[in-house]
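Hi,

Here's the structure I promised to pass on. Have a look, and my notes on what turned up are just below.

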Amino acid sequence: MTTPLFQVDSFTDRPFVGNPAGVCVLAAPQDDDWLVAVAREMNLSETAFLLPLADHGYNLRWFTPLREVSLCGHATLAAAHILWQQGYVPVDQQAVFDTLSGKLTAYREAEGWIRLDFPARQVASAEPPPGLMEAIGARQVQFVGRYRNSNLIEVAGEEDVRAVTPDFSALLQVEARSVIVTARSTNPAYDFVSRYFAPAVGVNEDPVTGTAHCALATYWGDKLGKSEMTAYQASARGGFLRVRPRGERVELLGQAVTIFAGELKA
């Protein structure tokens, strides 16, 4: 028996930029060791595993090459894109997912945009955990905050975001799952820019991170007084999205491009 397997570039409208994700469409449940092995074989920051539910929608799980994660934006975008593109879900219907982070819903919008309804993450001012500032190497720090078990650092400008060169070995010793570095954008097309580092889950720098924008949307929405913003993640690949803070929820909007479609024979 073969299993459909895809690779999708998320948060981009053209190939080979944005954040690549694997999407695996299962016919039956598989054990966690197998799921991790497939994610490791794909060697991407996350691979999404979809299993159709008896009533409606899909169970959706996300795995890095090391472990399962509780929420992943770009792989959810990729999964929704594949469900519509490959005809698993009619194009006029929403895609509904049962996940470790509760029910998530994706909607098709005009011009290839996909809207995700995700939980918001509130950022509160906090002292950085020991070793964080030395490991991240950020300059001209304006703010340090925490959301869940991660940190957000605002720096003075976009050039300071791009200049960050973390010591990943040192960052692994810090009590933080991940770190966002962010600033206002100098490009009028975007409201803010960011980079995202998560060596603790096997991803030194993520190209474009949907879940980070669950925190960035609320942080910059409050700071800029805006209910809709455009964002650019300034990794080597780069990618863009739109965000809409909605109280306890956040709408993330992105585009996606299928890179390959194949069959897993293992």
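A quick definition before the details: buried means under 20% relative accessible area, exposed means over 50%, and partly exposed is in between, with a 1.4 Å probe and protein chains only. Strands (E, at least two residues) and helices (H or I, at least four) are DSSP runs numbered from the N terminus. This is a predicted model, where local features need pLDDT of at least 70 and side-chain atom pairs count only at pLDDT 80 or more, while totals for chains, interfaces and linings use all residues. Residues are numbered from 1 along each chain as its sequence is written, and side-chain values use heavy atoms, with hydrogens and water left out.

On to strand E8 (residues 114–119): 5 of its 6 residues are buried, so the rest of the structure largely encloses it. E8 pairs (DSSP finds at least two bridges between the strands) with E7 (residues 102–108), antiparallel, through 4 bridges. Leu116 in E8 is the bridge partner of Ala106. The two strands make a hairpin with 5 residues between them, and Glu111 in the turn has a positive phi of about 60 degrees. E8 also pairs with E17 (residues 249–254), again antiparallel, over 6 bridges; there, Ile114 sits opposite Gly254.

The other spot is Thr64, in the loop between E4 (58–63) and E5 (68–69). Thr64 is buried, at 0% relative accessible area. A polar atom of the Thr64 side chain lies 3.4 Å from the backbone oxygen of Val201.

Cheers

Notes:
Polar contact = N/O pair within 3.5 Å; in protein donor to acceptor, adjacent residues only side chain to side chain.
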